[in-house]
Amino acid sequence: MDFTPSEEQAAAQGLAARIFGDLSTHERLTAAGSGTDAELWKELCAAGLPAAVEDIGLLGLVLLLEEQGRTTAQVPFAATCVYGLLAVAEHGTAEQRERLLPGLRDGTAVATGAFPARGRVHIAEDGALYGAVPWVPWLRDATHVLVADEDLALWMVEASAPGAEACAAGVTAEPVETTAPWSAGRLVLDGVRGERLGNGPEVYASVLATARTAFAGLQAGVCAGSLARAVHHTVTREQFGRPLSTNQGVLLRAADAHMDTEAIRVTAYEAAWRHDEQRACAAQALTAAWWASEAGKRVVHAGQHLHGGTGADLDHPVHRHFLWGRQLDAYLGCGSEVLEELGLLLADSAQGDAS
């Protein structure tokens, strides 16, 4: 395995770091509230970063999402790339790729996904979709939603113009506020017709593994940003005439957070690398998701605690990392749930090898 970024991946990551660093500031995030930073999204698309994902692969996307996570930038980058660009590019027909990809590349189309599937959507005999999903990230911005029915067949459903509550015929997006400001909504499908994406439940499994890997990369960035803020605070804040960082308890807590962050990063890199090399990566994606969920939760709690009373301030930048870390923990499935699925997968694999 070689996780060294290619020249193209490194260039894209550097550009992303500059754009997110310049535009995803505390002041802009405060002004955006719980919504999307539309100007930042336009800047990212104008720079060609979503379009670049097709060339730099999932590992490249993980690198870009790390930069988003460092600044908790409020844009539908991960959702559009995972449930739109990569899903269509890898599993769509030639006609679907020609029709859907241009809008997803330039940002005029925004995709999201009702993932993971919970059996809440079913398809009627006439081919129409019915059901409701309690919350879908970035649904209020989405023009397209990737939905899995009870048989794990994937359907691309047209939603709405960004910001509209009344979507296409048979689709409703009811605004929902989540822990992190992800412009989420409750998706209701009432007789809507979608277009099939790929064939068989293995396509759903592939998209889910991609999503887990990508959002684990996002969590790595969230944790890195939280830790960087904690380090700056403890180095510059003095207590009894010396920096907080000289206290052994502070050092150990920060060191544990650093190791957890690196574990999230390296497992996400491995899963992404295997995906790009067209190797089996379901177990690696689950491993990355578990680390992102369990370790991510520890890191953002540590980041907040190391700020002392300041960390409890809801308006402090480190609190955003805490909110994002907890939201990603829930979205990835929570550690015990992911671990159970990983255990079953490994047991099935061992049983298959034995037979």
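Let us begin with Thr267, which touches Gln284, Thr287, Ala288 and Trp291, leaving aside residues up to four places away in sequence. This is a predicted model. Thr267 sits in helix 8, spanning residues 248-276, and it counts as buried because its relative accessibility is 11%, under the 20% cut-off. Its side chain also meets the backbone: a polar atom lies 2.8 Å from the backbone oxygen of Ala263, and the backbone oxygen of Ile264 is reached at 3.0 Å.

Next comes helix 1, residues 7-23, whose 17 residues reach 24 Å from first C-alpha to last, close to the 24 Å expected at 1.5 Å a residue. Which residues of helix 1 are buried? They are Gln9, Ala12, Gln13, Ala16, Ile19 and Phe20. These residues cover an arc of only 135° around the axis, so they lie on the same side of helix 1. They pack against helix 3 (38-46), helix 4 (49-71) and helix 5 (77-91).

Now for the aromatic rings.

| Pair | Centre to centre | Angle between planes | Type |
|---|---|---|---|
| Trp135 and Tyr331 | 5.6 Å | 55° | tilted |
| Trp138 and Trp182 | 6.5 Å | 20° | stacked |

Trp135 in strand 3 and Tyr331 in helix 10 are 196 residues apart. Trp135 is partly exposed at 26% relative accessibility, whereas Tyr331 is buried at 8%. Trp138 and Trp182 are both buried. One aromatic cluster is formed by Trp135, Trp138, Trp182, Phe215, Trp324 and Tyr331.

Finally, look for Arg196, which lies over the face of Trp155, 5.6 Å from the ring centre.

Key:
Residues numbered from 1 in each chain as written. Predicted model: local features only at pLDDT ≥ 70, side-chain atom pairs only at ≥ 80, totals over all residues. Heavy atoms only, no water. Helix = DSSP H or I, 4+ residues; strand = E, 2+ residues; numbered from the N terminus. Buried < 20%, exposed > 50% of the residue type's maximum accessible area, 1.4 Å probe, protein only. Polar contact = N/O pair within 3.5 Å; in protein donor to acceptor, adjacent residues only side chain to side chain. Contact = heavy atoms within 4.5 Å. Expected span 1.5 Å × (residues − 1). Arc of directions from axis to C-beta. Phe/Tyr/Trp six-rings, centres within 6.5 Å; stacked < 30°, edge-to-face > 60°. Lys NZ or Arg CZ within 6 Å of the ring centre and 35° of its normal.
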